[in-house]
Amino acid sequence: MYTSILKKLPVFVAVILLVAAVVIMYFRSKNVTRSEFIKFIKNAKYVRAWVFVVVFVMTTVFAIFNHIHSKQSVYAVVALNYSEASQAQNSNGTRYNMAEITCDEVIKKAIDMGAFEGVTVSDLKKCLAVYPYVQGDVRDESEYHISTEFIVEYYASKDTQHLDAENVIKLITSAYKEYYIEKYTDNFSLSTDGKKPDFDSMEYMDIVTYFEKETSSILNYLYSMAQKSPSFVTANNASFNSIAGKVFQFKETQIDQNLRSLIMQNGIVRDSTGYVDRLSYQNKNTDFDRRKNAISFDLCNQAIAMYSEEMTRVVLVPTWDEVGKYYMGRTKVGIDELSVKATDFSNRVASYEKEIMYNNLIIDKMNGSDAGYEKNQSADDLVESIYESIRNFEKEAISAGREYSNHRMNQCIAVSMSGNSLFGELKTILLFAMFAYVSVILFTISRKFPKRV
């Protein structure tokens, strides 16, 4: 604040001198003729030592505080380079809001990244301003404009003047990129809640099911990312497909073979009676669904058998194609729909029978289980090891996803820093020196005019 005032003080003095010179010359020129007025101007001494001293002092003061002021002010241009930006949308199709560049979450993230001491979110927010690089107008349709470039300005206040202005604007734009990636691009949250389950209260086969769901979630994420960018390689020379290969191999060996086989072969169970009863109840419900679909399958077959052979043949009807030419096209009859439904019911029956057989196999293994403490401890150790490995795979997948989004956002969101260059400062100082010289010399000349005739 004080810097801005002191910077404007020499300018204010020069303006006062210029205005005073003009006013004095205007009124006193009435006391002389036109030829005398021109003579005063021509014969004036434009080179005076004290004039140069005054101009030098004023310019020096202006240069010092202008330099300090320029160091406290900087701006950046944020350009959106993805296709949805021209429609005022984010990359996920939601409406774009430029105010988010300086929202509280972005500023807080920037403060944490820069470890700014003694600066609050409200203090820094007061120093920031954001507006479109090219403004449109709603008065005329020809002046409509959707801006894809936005200017972020920073000017230090008394609470933030100890910070480096260029560093602040860099942190703000970097924090905005991270904020944008987390909110509008890929979802990096793979775990449901991030909390470790209580494995001691879970049956071992339920733990196997939980691990399969977790690894499937990671694999689905990696496969979807690989489909977006199959050629992307992280800083560790890993691709989404290579990470997915490691996860799939781990799932096949550690979960399906080692852990499941250990539990099944040794009949490891926490509560044999309760677990067997639960599986038996599941089998009853599954068998009910199996019988229901089996009956539906039989009904479809009976309905198909009721059709005569003539109706099951290909039915051709006259129709026309896109260019308006007629041809004989095949149409569907009722037997087609019944065949599709019969196939679906048959697949369901097979799936239910497979599930019942698997549950019966587990029941046979768990009945009469004599697994001791050592086998249970081996299973618990293996469970902990698998859980830690899954979490590491999750972190690796998330890290690769973030790296890909950062790479993509560096292309989609470009930031160019701008500030007062040395050449620009010298140009400003030179212009002020010329203005100050004109003001002082005109004021000196105006004092030479006679007050009255």
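The protein chain exposes about 27600 Å², of which carbon and sulfur atoms supply 55%. The model is a predicted one. Of the 453 residues in the chain, 36% count as buried. The secondary structure consists of 12 helices and six strands. Where contacts in the chain join residues at least 6 apart in sequence, 81% of them link residues at least 24 apart.

On the surface, a nonpolar patch is formed by Val15, Val19, Val23, Tyr26 and Phe27. Together these residues account for about 460 Å² of accessible area. Phe27, one of the members of the patch, is located in helix H1, which covers residues 2-28. The relative accessibility of Phe27 is 49%, so the residue counts as partly exposed; the class of exposed residues begins over 50%.

Across the whole structure, 12 aromatic pairs are found. Among them is the pair of Phe199 and Tyr387, which is edge-to-face, with 5.5 Å from centre to centre and 75 degrees between the planes. Phe199 lies in the loop between helix H6 (165-184) and helix H7 (204-228), whereas Tyr387 belongs to helix H11 (residues 373-412); the pair therefore ties together parts that are 188 residues apart in sequence. Phe199 is buried because its relative accessibility is 5%, and Tyr387 is likewise buried because its relative accessible area is 6%. Both rings belong to one aromatic cluster, together with Tyr210 and Phe211. A contact between a charge and a ring is found at Tyr204, where Arg270 lies over the face of the ring at 4.2 Å from its centre.

Thr59 is placed in helix H3, which comprises residues 49-71. With a relative accessible area of 12%, Thr59 falls under the 20% limit and is therefore buried. When neighbours within four places in sequence are left aside, the residues in contact with Thr59 are Ile429, Phe432 and Ala433.

A further approach between parts of the chain involves Ala165 and Ser73. These two residues are 92 apart in sequence, while their C-alpha atoms are 6.2 Å apart in space. Ala165 lies in helix H6, and this residue counts as buried because its relative accessible area is 3%.

Backbone geometry was considered last. Most residues other than glycine have a negative phi. Ala88 is not a glycine, yet has a positive phi of about 60 degrees. Ala88 is found in the loop between strand E1 (73-80) and helix H4 (104-114). The relative accessibility of Ala88 is 19%, which means that the residue counts as buried, the limit being under 20%. Asn237, also not a glycine, has a positive phi of about 60 degrees. The position of Asn237 is in the loop between H7 and helix H8 (240-266). Asn237 is exposed because its relative accessible area is 68%.

How values were computed: Residues numbered from 1 in each chain as written. Predicted model: local features only at pLDDT ≥ 70, side-chain atom pairs only at ≥ 80, totals over all residues. Heavy atoms only, no water. Patch = residues over 30% accessible without salt bridge, like charges linked within 9 Å, V, L, I, M, F, W, Y side chains within 5 Å. Areas by Shrake-Rupley, 256 points an atom, 1.4 Å probe, with all protein chains shown as cover. Salt bridge = Lys/Arg side-chain N within 4 Å of Asp/Glu carboxyl O. Helix = DSSP H or I, 4+ residues; strand = E, 2+ residues; numbered from the N terminus. Buried < 20%, exposed > 50% of the residue type's maximum accessible area, 1.4 Å probe, protein only. Phe/Tyr/Trp six-rings, centres within 6.5 Å; stacked < 30°, edge-to-face > 60°. Lys NZ or Arg CZ within 6 Å of the ring centre and 35° of its normal. Contact = heavy atoms within 4.5 Å.
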